[in-house]
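Below is a short briefing on one structure. It goes through a helix, some paired strands and a loop residue in turn.

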Amino acid sequence: MLDIKRVLASAPRKPEQTALEPLYTVWGERIAEGCESEPVHPHPQFERTSFQSLDGWWDYRIVACESAETAWRTAETPTDFEGSIRVPFSPEAPLSGVNRQLMPNELLWYRRTFPTPSIGARDRLFLHFEAVDYACACLVNGTRVGNHVGGYLPFSFDITNALADGANEIALCVYDPSDEGVQLRGKQKLDRGGIWYTAQSGIWQTVWLEAVPEAHIESIEIDAQADAGVLELVVTVHDDESAANAGSTALTVRLLDGDAEALAAVSDAPAETAHADTGSGASEAGCASHALCTHRLVLDVARPHLWSPEDPHLYRLELVFGDDRVKSYCAFRTVSMEPDEHGIVRLCVNHEPRFLRGVLDQGYWPDGLLTAPSDEALAFDIETCQKLGFTMLRKHIKIESDRWYYHCDRLGMLVWQDMVSGGSPLSAWHSSYKPTFFRRSWTSCADDTPRRHRAYSAGSDAYRAEWTDTCAGTIAYLKNHPSIVTWVLFNEAWGQFDARSATEAVRALDPTRPIDAVSGWYDQACGDFSSVHNYFRPLEVYADQAQPRRAFVISEFGGLSYHVSDHSSLSSSYGYGSFTDLTAFRAAVGKALADADSLESEGLAGFVYTQLSDVEEETNGILTYDRRINKLGGDPIGEDPAIAACGAARASSQEGEQR
């Protein structure tokens, strides 16, 4: 039965634009005190020693522009800048030092200089951006090296031909329509409030330089087949740009178990060779003609050491192509949907049924917004969930930094990865009211007609094309991570369209992982899960409309709210059931989790509790927004020893300067 009182108490309300209270994590506080961590390589699965971070202080300027949606492509670099911004934090984030919202009629400019690295005569220098929201044009020493569109995936530019002796200048022009556009943006909203959070813009992940030989490794596709005991690698390389010599360089691969070499293989000839004149990734950049060669290697690995949550065993990989050396890693494990001994379909890891005890992870931080304040902070969230007995994190409507997935790989945390949503403004009726009051609608509404596209905010051709391209890009970017065990395509009709076709397309791109096609409601009887959200009804297992039957999961529930003074961004709070007594809150959360656990025997394959941490007005987290308090018990996180040490060092330095 629907809990009407709880529905009314949780009804969306008009946002109040009250300023957020300054709130810092222990890691953000460390940065604010001037003690920043040593840079770490953004991609442990594709690592070279030439990594050079460009994070830190850049110049910035925000410029009003009548036609910002087109002007960003050709705008001239300003002659003067208004201040400094700490990269990789967006200007809306406190750690950026700017604390200003970029508006859709404005352009955001960045500028910094760097000395020309010492590189060989035939080396290339790449400028990498891990993520920039949303569209940007990049210039080096006044030369336009490329454009990029899309706020969540990494991209790079070959800037070798634009380099000068001595100092070099990077200028970046950014445009972001936020929720006034139809582009992918997740839960960002200019009028934040309730379940919608502060919109952010510009550079929000690491910027870095990398020198590579002209003949170098471009990408690796890893297929570690646990059942067959086979490691298949598809390695794309840039070979000698002379067509006559294309494919002349050998590729060597070593598989290491710890420090011991398990296997080695050499590919003397590529399986395929093509010639290209295109830039890197989804960028609109050009580069010199080169030969793209694909090497396919198959290594037989007898009795591989399997990866599992209890034993997240990783093998190391070393690849050598001419003068290029890349370090990577892989893991052997299978993910499948199989019936258990009672005939109930469950997600299985290495053919062992797993009851998924998940938590919704928004990936927001009070001091960095979508940007975690440090690598340690990323690992902290994962480790905390493991200590609380959770075995899965659902990364919600966000593509996280690659290091987050690396930490899940090495720690053994299972991941359900959402695709990022977008589209036109949501219809409150279709996305909230109708499915809340009429459960029958969950399985009776199509999503494959123009009228339904418009109803679910997916009426824009441009949006649907971007979602499709970014979905494919997300899978290509993340598919090597063993921790990811499910792709989640659509959530609560936020830009949902043609789920059946999307499922088929994703299945073709990655046949090794299950798919949660529609999380929440408006199920199209496709994918591997019957996936419902249940905040307002007693928890139960519903019959599946699809044949054969899929695994049943409650992919969101809970959302119980408890506001902790001095650890919240606002005095107001939002959640799906609020408590003013901590003991009562803990009892209610404990009962909700126990109720979900009890449904395992009735056919529940797993659940996702809402949520890991508070976010702005939402105070329904297990942790406070600043990650200093665990509301379910245990000692407060307290002051990080590194902060105290940093403060002591600064005090000592200041005393020395005074003397």
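The model is predicted: local features need pLDDT of at least 70 and side-chain atom pairs count only at pLDDT 80 or more, while totals for chains, interfaces and linings use all residues. Residues are numbered from 1 along each chain as its sequence is written, and side-chain values use heavy atoms, with hydrogens and water left out. Helices (H or I, at least four residues) and strands (E, at least two) are DSSP runs, numbered from the N terminus.

**Helix α4**

- The end C-alpha atoms of α4 are 19 Å apart, which agrees with the 18 Å that its 13 residues should span at 1.5 Å a residue; the expected span is 1.5 Å times one less than the number of residues.
- Buried (under 20% relative accessible area, with exposed over 50% and partly exposed in between; 1.4 Å probe, protein chains only) are D375, A377, L378, A379, F380, D381, I382, T384 and C385 of α4.
- T384 is found in this helix, which covers residues 375-387, and counts as buried because its relative accessibility is 10%.
- A polar atom of the T384 side chain lies 2.8 Å from the backbone oxygen of F380.
- After α4 comes G389, with a positive phi near 95 degrees.

**Strand pairs**

- Strands β17 (residues 251-257) and β18 (residues 260-267) run antiparallel and are joined by 7 bridges; two strands pair if DSSP finds at least two bridges between them.
- L256 has E261 in β18 as its bridge partner.
- The two strands β17 and β18 form a hairpin with 2 residues between them, and G258 in the turn has a positive phi of about 70 degrees.
- An open sheet of 3 strands has the order β23-β24-β25, with antiparallel pairing.
- Its edge strands, β23 (335-339) and β25 (352-353), each pair on one side only.
- Between β23 and β24 (residues 345-349) there are 5 bridges in the antiparallel sense, and S336 has C348 in β24 as its bridge partner.

**Loop residue H43**

- H43 lies in the loop between α2 and β1 (52-53).
- H43 counts as buried because its relative accessibility is 13%.
- Leaving aside residues up to four places away in sequence, H43 touches E130, W208, D402 and Y477.
- The side chains of H43 and E130 make a polar contact at 2.8 Å. Such a contact is a pair of N or O atoms within 3.5 Å; within protein, one must be able to donate a hydrogen and the other to accept it, and residues adjacent in sequence count only if both atoms are side-chain atoms.

Conventions: Contact means heavy atoms within 4.5 Å.
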